[in-house]
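I opened the model to look up its aromatic residues, its core, its strand pairing and a few single residues. My notes follow in the order in which I went through them.

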Amino acid sequence: YQTNNLKPYTTYYWYVVATNDEGSAESAKYSFTTSNFGAPGIPTLVYPENNATIDENPNLSWNFGEYTEQYQVLFGTDSDNLEEVQEWTSTLATSYQTNNLAVGDYFWKIVVKNYVGETSSEVYSFTKVGAPDNVTPISPVHGETGVSHKVTLTWEFAPNTTHYRVLLAEGTPDGLAYEAGG
């Protein structure tokens, strides 16, 4: 029988009862005292990575260190004044789903505790970006004629963009003939 979550520096008593259809038998009563387990190990933050730029409401995730008995999630827009978004709990989940985050910078950390003390993770940050700003074609210019059959299409960088798709149509802008990008 494996025990879990025993308190440090605590004396426990135990014995065994064996049973079958004919009756039961008890062992002698024994005792033991637990040692100091130590403070909980430092939680490791997994996602989003520190200083990440993302375009979603992230599902924060982490791993616990040894001897963790309870934890809380602290989150906010001010690294020096994080708010508790997950109260202390002994149900050791390793993720927290954020919702309805506005565009901006966010900070988060995990604090764990046991009977010996508390331990905190590092504070991680991430930036949530919104939809890309308008993209403006540069070359070839609108309506230009005499363009080489090996044309390089160029455009201005659009802030908040993670990738581009290039759409090319022959004849009219509504007849998509070629799509590239990723």
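**Aromatic cluster and pairs**

I began with the aromatic side chains and noted that Trp62, Phe64, Tyr71, Trp108 and Tyr124 form one aromatic cluster. For the ring pairs I used the rule that rings of Phe, Tyr and Trp (its six-membered ring) pair if their centres lie within 6.5 Å, with planes under 30 degrees apart counted as stacked, over 60 as edge-to-face and the rest as tilted. By this rule I have 11 aromatic pairs.

Before going on I wrote down that this is a predicted model, in which local features need pLDDT of at least 70 and side-chain atom pairs count only at pLDDT 80 or more, while totals for chains, interfaces and linings use all residues. Residues are numbered from 1 along each chain as its sequence is written, and side-chain values use heavy atoms, with hydrogens and water left out.

I then took up the pair of tyrosine 12 and phenylalanine 32, which is stacked, at 5.7 Å centre to centre with 25 degrees between the planes. Tyrosine 12 belongs to strand β1 (residues 11–14) and phenylalanine 32 to strand β4 (residues 30–33), so this pair ties together parts that are 20 residues apart in sequence. Strands here are DSSP runs (E, at least two residues), numbered from the N terminus. For burial I took buried as under 20% relative accessible area, exposed as over 50% and partly exposed as in between (1.4 Å probe, protein chains only). Tyrosine 12 is partly exposed at a relative accessible area of 22%, and phenylalanine 32 is partly exposed at 32%.

A second stacked pair is made by phenylalanine 75 and tyrosine 106, with 5.5 Å centre to centre and 15 degrees between the planes. It links distant parts of the chain, phenylalanine 75 in strand β8 and tyrosine 106 in strand β11, 31 residues apart. Both phenylalanine 75 and tyrosine 106 are buried.

**Nonpolar core**

Which residues have the most contacts inside the largest nonpolar core? I used the term for a set of buried Ala, Val, Leu, Ile, Met, Phe, Trp, Tyr and Cys residues joined through side-chain atoms within 4.5 Å. The largest such core has 15 residues, and those with the most contacts inside it are Leu60, Trp62, Phe75, Trp108, Ile110 and Phe126. Two or more residues each come from β6 (52–54), β7 (59–63), β8 (70–76), β11 (104–113) and β13 (124–128), and the largest share, 4 residues, comes from β11. As background I noted that in soluble globular proteins nonpolar side chains tend to be buried together.

I looked up phenylalanine 126 by itself, taking contact as heavy atoms within 4.5 Å. Leaving aside neighbours within four places in sequence, phenylalanine 126 is in contact with residues including Pro48, Ile54, Leu60, Phe75, Tyr106 and Trp108.

**Strand pairing**

Here two strands pair if DSSP finds at least two bridges between them. An open sheet of 3 strands has the order β5-β7-β10 with antiparallel pairing. β5 (44–47) and β10 (95–97) stand at the edges with a single partner strand each, so one side of each has no neighbour in the sheet. The antiparallel strands β5 and β7 are joined by 3 bridges, and leucine 45 stands opposite tryptophan 62 in β7.

I also followed β8, which pairs with strand β9 (residues 83–89) in the antiparallel sense over 4 bridges. A hairpin of 6 residues joins β8 to β9, and the bridge partner of tyrosine 71 in β9 is threonine 89.

**Two loop residues**

Is asparagine 114 buried or exposed? Asparagine 114 is found in the loop between β11 and β12 (118–120), and it counts as buried because its relative accessibility is 12%. For polar contacts I took pairs of N or O atoms within 3.5 Å; within protein, one must be able to donate a hydrogen and the other to accept it, and residues adjacent in sequence count only if both atoms are side-chain atoms. The side chain of asparagine 114 reaches the backbone oxygen of tyrosine 67 at 2.9 Å, and a polar atom of that side chain lies 2.8 Å from the backbone nitrogen of valine 116.

Aspartate 133 has its place in the loop between β13 and β14 (137–139) and is partly exposed, with a relative accessible area of 40%. Not counting residues up to four places away in sequence, aspartate 133 touches Ala158, Pro159 and Asn160.
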